[in-house]
Amino acid sequence: GTPKAAAGHTLESAGDLETMRRLRPSMRAANASEAIVERIIATHLRPGIANLAPGTAHWSPPERLVEAALRGDGGYGDIRGEPALLAALREEHGREHVMVTPGANQAFVHALLSTCDVGDEVLLWRPYYFSHLVALQLLGLVPVFADCDERGLPTPDAVRASASRPGGRLRAVVLVSPSNPTGAVCPAELVRELGEACAQAGAWLISDEARDMERCGEMWGGVGRC
């Protein structure tokens with residue numbers, strides 16, 4: 001088919017194509033950090049080496065869900081998620097406000113868009129999940145960093161230190177548990193302390209809980225359970 005520009009303009013000549021090539025991306029996109037995992041996979045992945053980077057389930061969807069998808073009309077669903085699924089999640093988690101997204105990265109961006117403004121600071125714990133850094137950069141937010149302790153866990157003191165910096169604009173703190181990439185699990189009591197430190201600082205605590213926390217032991221409560 002005929003190539004088209006984003007605004008709907010039909011590109012009919014070589015001159016139009018050359019114009020498109022001269023258009024530059026936004027500075028935020030151009031200066032965003034590299035998704036280093038892709039380079040590592042391209043460099044080192046070969047037959048005989050297992051790739052444990054993606055959190056991909058080893059099972060397929062239940063057959064009844066596949067059949068239901070094939071019977072669907074292909075139209076738009078509820079933007080917040082299907083009502084039956086939302087009701088089940090509310091009951092399971094005891095939460096009134098629930099939203100379903102295509103993946104955790106999309107949920108993270110939604111959380112940032114609804115809590116932060118351009119130029120606000122967001123705290124990441126080193127070592128951090130690389131996609132979180134890129135999301136901050138693309139949204140015009142300012143990443144600030146703090147080191148985990150010797151157990152690989154975040155500390156409330158680091159939250160207070162980041163919030164008290166002169167001229168600081170700390171707006172959110174990102175917690176990932178189990179940590180990506182270390183796997184460290186944040187105990188429930190520490191989660192509560194981090195929440196209290198964030199509340200005192202006027203910052204949101206955004207918790208990325210990408211695994212079934214029930215399987216991570218009773219020590220983990222999850223932000224929704226604390």
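Glu121 sits in strand E1; strands (E, at least two residues) and helices (H or I, at least four) are DSSP runs, numbered from the N terminus. The model is predicted, with local features needing pLDDT of at least 70 and side-chain atom pairs counting only at pLDDT 80 or more, while totals for chains, interfaces and linings use all residues. Residues are numbered from 1 along each chain as its sequence is written, and side-chain values use heavy atoms, with hydrogens and water left out.

Glu121 counts as buried, at 10% relative accessibility. Here buried means under 20% relative accessible area, exposed means over 50%, and partly exposed lies in between (1.4 Å probe, protein chains only). In sequence, Glu121 and Ala203 are 82 residues apart, yet C-alpha to C-alpha they are 9.6 Å apart in space. Across the chain of 226 residues, 26% are buried. The chain has nine helices and four strands, and along the sequence these follow the pattern α-α-α-α-α-α-β-α-β-α-β-α-β.

Helix H6 covers residues 104–115, twelve in number, and spans 17 Å from its first C-alpha to its last, close to the 16 Å expected at 1.5 Å a residue; the expected span is 1.5 Å times one less than the number of residues. Within H6, the buried residues include Phe108, Leu112 and Thr115. These cover an arc of only 80° around the axis, so they lie on the same side of H6, the arc being that of the directions from the helix axis to the C-beta atoms. Leu113 and Ser114 are exposed and are carried by the face of H6 turned away from its buried side.

Where is empty space left inside the protein? Rolling a probe the size of a water molecule over the atoms shows this. On a 1 Å grid over the protein atoms alone, a cavity is a set of points where a 1.4 Å probe fits but cannot get out, and lining residues have an atom within 4 Å of a point. Grid points are joined across faces, edges and corners, and a volume is the space filled by probe spheres set on the points. The count comes to one cavity of 30 Å³ or more, and the largest cavity has a volume of about 150 Å³. Its lining has 17 residues, with Trp125, Pro127, Cys148, Val176 and Ser179 nearest the centre. Strand E1 (121–126) and strand E3 (170–176) are the elements that give two or more residues to this lining, and E3 gives the most, with three. By type, the lining holds 13 nonpolar residues, four polar and no charged; Ala, Val, Leu, Ile, Met, Phe, Trp, Tyr, Cys and Pro count as nonpolar, Asp, Glu, Lys and Arg as charged, and the others, Gly among them, as polar.

Two prolines deserve a look. Most peptide bonds are trans. The bond from Arg126 to Pro127, however, is cis, with omega near -5°, and Pro127 lies in the loop between E1 and helix H7 (130–138). The bond from Ser177 to Pro178 is also cis, with omega near -5°; Pro178 lies in the loop between E3 and helix H9 (188–201).

Finally, the whole structure holds two aromatic pairs. In one of them, the ring centres of Tyr129 and Phe130 are 5.3 Å apart and the planes meet at 65°, so the pair is edge-to-face. Rings of Phe, Tyr and Trp (its six-membered ring) pair if their centres lie within 6.5 Å, with planes under 30 degrees apart counted as stacked, over 60 as edge-to-face and the rest as tilted. Tyr129 is buried at 17% relative accessibility, whereas Phe130 is partly exposed, with a relative accessible area of 24%.

Terms used:
On a 1 Å grid over the protein atoms alone, a cavity is a set of points where a 1.4 Å probe fits but cannot get out, and a pocket is an open set with protein on both sides within 12 Å along at least five of seven lines; lining residues have an atom within 4 Å of a point.
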